[in-house]
Amino acid sequence: MSGVMKRMGMIFRAKANKALDRAEDPRETLDYSYQKQLELLQKVRRGVADVATSRKRLELQLNQLQGQSTKLEEQGRKALALGREDLAREALSRRAALQQQVTDLETQHQTLQGEEEKLTLAAQRLQTKVDAFRTKKETIKATYTAAQAQTRIGEAFSGISEEMGDVGMAIQRAEDKTAQLQARAGAIDELLASGALDDHSGMAKDDIAAELDRISGGTDVELELQRMKAELAGGSAPKQAIESGSAEAQDAPPNLRKYDKQ
């Protein structure tokens, strides 16, 4: 049972993979990859902006602390000049505490500045890669589109494409039906001419008229043939042709000669 389930799972995965392969368009996949790269580049740029904002905030704090330190130093000097050594000592103590904060902020500032430089460089490199990928993507898409169009044109010319195959089958069916109708019409004409079928339109000829038409047509041919022979021999063709035509008329069946006399 376990082996059957594994086999069913393999068959399902194989069919699913084949279906996905048919549904996948490389151009759409490339566009999606390019979009994800743009999103990543945007995140990196946002990170650079955040680090730069933090660095700028530290710079403002450093400027404030340095201003306070300068002010305390001036107060200490003034207090010492007025003989207030205790005030001078307090001002210098506060200034020393501010200096420690300034040192810590300067360290953080340097760290943020280094991170900002790294992120900026990474963003520039990523931008270069994204631009190169975009160029390659468009080239691949154009090549794929051209190959796809060339394949479709070749399939259309060879008749193996699905659309042209349907058209070819329709043409073949039309030709078969046309040939069948032509054969049926010819068979009906032959049956009507032979009298096997009755013509209810009143336009069909009876057997006597048909036989007269046949003899008349044969006589006309013989007359033309005798005339051409006479021209080639230099003789008189009309008399011979008339005599020949009369002789052929006498050779007609008895039933037709009866109608001729009438």
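Glu 116 lies in helix H3 (residues 85-158) and Arg 55 in helix H2, so the pair ties together parts that are 61 residues apart in sequence. I took as a salt bridge a side-chain nitrogen of Lys or Arg within 4 Å of a carboxyl oxygen of Asp or Glu. Helices (H or I, at least four residues) and strands (E, at least two) are DSSP runs, numbered from the N terminus.

The model is predicted: local features need pLDDT of at least 70, side-chain atom pairs count only at pLDDT 80 or more, and totals for chains, interfaces and linings use all residues. Residues are numbered from 1 along each chain as its sequence is written, and side-chain values use heavy atoms, with hydrogens and water left out.

I then checked Glu 59, which also forms a salt bridge with Arg 55, the closest N and O atoms being 2.8 Å apart. Both residues lie in helix H2 (residues 26-81), four residues apart, about one turn of the helix. Arg 55 counts as buried at 18% relative accessibility, whereas Glu 59 is partly exposed at 21%. Buried means under 20% relative accessible area, exposed over 50%, and partly exposed in between (1.4 Å probe, protein chains only).

Next I examined Glu 138 and Lys 137, which form a salt bridge at 2.5 Å, N to O. Shared partners join Asp 31, Lys 137, Glu 138 and Lys 141 into one network.

For the whole structure I noted 16 salt bridges; the chain has seven helices and zero strands.
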